[in-house]
Amino acid sequence: MLSIFIVTGAARGIGAVVVKKLLEQDHRVIGIDLNPALDTWEVTQQITPLQQQNFYSIAHDISDTQRLIELIQQSPWADQPITGLVNAAGILEMGSLLESTAAQWQHNLAVNFMGPALLSQWVAKQMLPHKSGAIVSISSNAALIPRMNMGLYATTKATVSHYFKNLALEL
């Protein structure tokens, strides 16, 4: 049986490294990133043509989770069970908590927490009938250690850490 992994934040950084490692282990990967220029994704420039056959990219905003799930369901491997999900997408918006706006809070929570939480909820429901799978969500040590001008990021990452510990208990 094929192993299918979904990786958010796949274009560059930690997400790209995860994609490359999974492809090196002959897994199939659905990579998701906000960057609409798929040919400029660092990861697509770093994988071999053979690995490219096992990589399906989706340019989409994780905060629009319902549409993202529809796009995943249109992937070439939609009929295969999902083996794993790696939530690597995230944003770091610097600034004072005293100056943070409601719109900034909503955007940061949508990208760093709600998108990964709702995507993970859907993936977990796909995994339950198979009684197997793994969900990894990347948080930050900023979730535990306060830093100046990182309150939005730290708060959303603390939310991620706590949510996924609770999700793990349920699963």
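The exercises below go from the sheet to the core and then to the aromatic rings.

This is a predicted model, where local features need pLDDT of at least 70, side-chain atom pairs count only at pLDDT 80 or more, and totals for chains, interfaces and linings use all residues. Residues are numbered from 1 along each chain as its sequence is written, and side-chain values use heavy atoms, with hydrogens and water left out.

**Exercise 1. Work out the strand order of the open sheet and find which strands stand at the edges.**

Step 1: Two strands pair if DSSP finds at least two bridges between them.

Step 2: Follow the pairing and you get five strands in the order E3-E2-E1-E4-E5, with parallel pairing. One of these pairs is E2 and E3, joined by five bridges; Ile30, for instance, has Tyr56 of E3 as its bridge partner.

Step 3: E3 and E5 (134-137) each have a single partner strand, so one side of each has no neighbour in the sheet.

**Exercise 2. Find which residues touch the most other members of the largest nonpolar core, and which element gives the largest share.**

Step 1: Such a core is a set of buried Ala, Val, Leu, Ile, Met, Phe, Trp, Tyr and Cys residues joined through side-chain atoms within 4.5 Å. Buried is under 20% relative accessible area, exposed is over 50%, and partly exposed lies in between (1.4 Å probe, protein chains only).

Step 2: The core has 19 residues, and Ile6, Ile30, Ile72, Leu119, Trp122 and Val123 touch the most other members.

Step 3: Two or more residues come from each of E1 (4-8), E2 (28-33), H4 (65-72), E4 (82-87) and H5 (102-127). H5 gives the largest share, five residues.

Step 4: Another core of 14 residues lies apart from this one, with Ala10, Ala16, Leu22 and Val43 among its members.

**Exercise 3. Classify the aromatic pair of Trp41 and Phe55, and decide whether each residue is buried or exposed.**

Step 1: Rings of Phe, Tyr and Trp (its six-membered ring) pair if their centres lie within 6.5 Å; planes under 30 degrees apart are stacked, over 60 edge-to-face, the rest tilted.

Step 2: With centres 6.4 Å apart and planes at 65°, the Trp41 and Phe55 pair is edge-to-face.

Step 3: Trp41, at 0% relative accessibility, is buried, and Phe55, at 7%, is buried too.

How values were computed:
Helix = DSSP H or I, 4+ residues; strand = E, 2+ residues; numbered from the N terminus.
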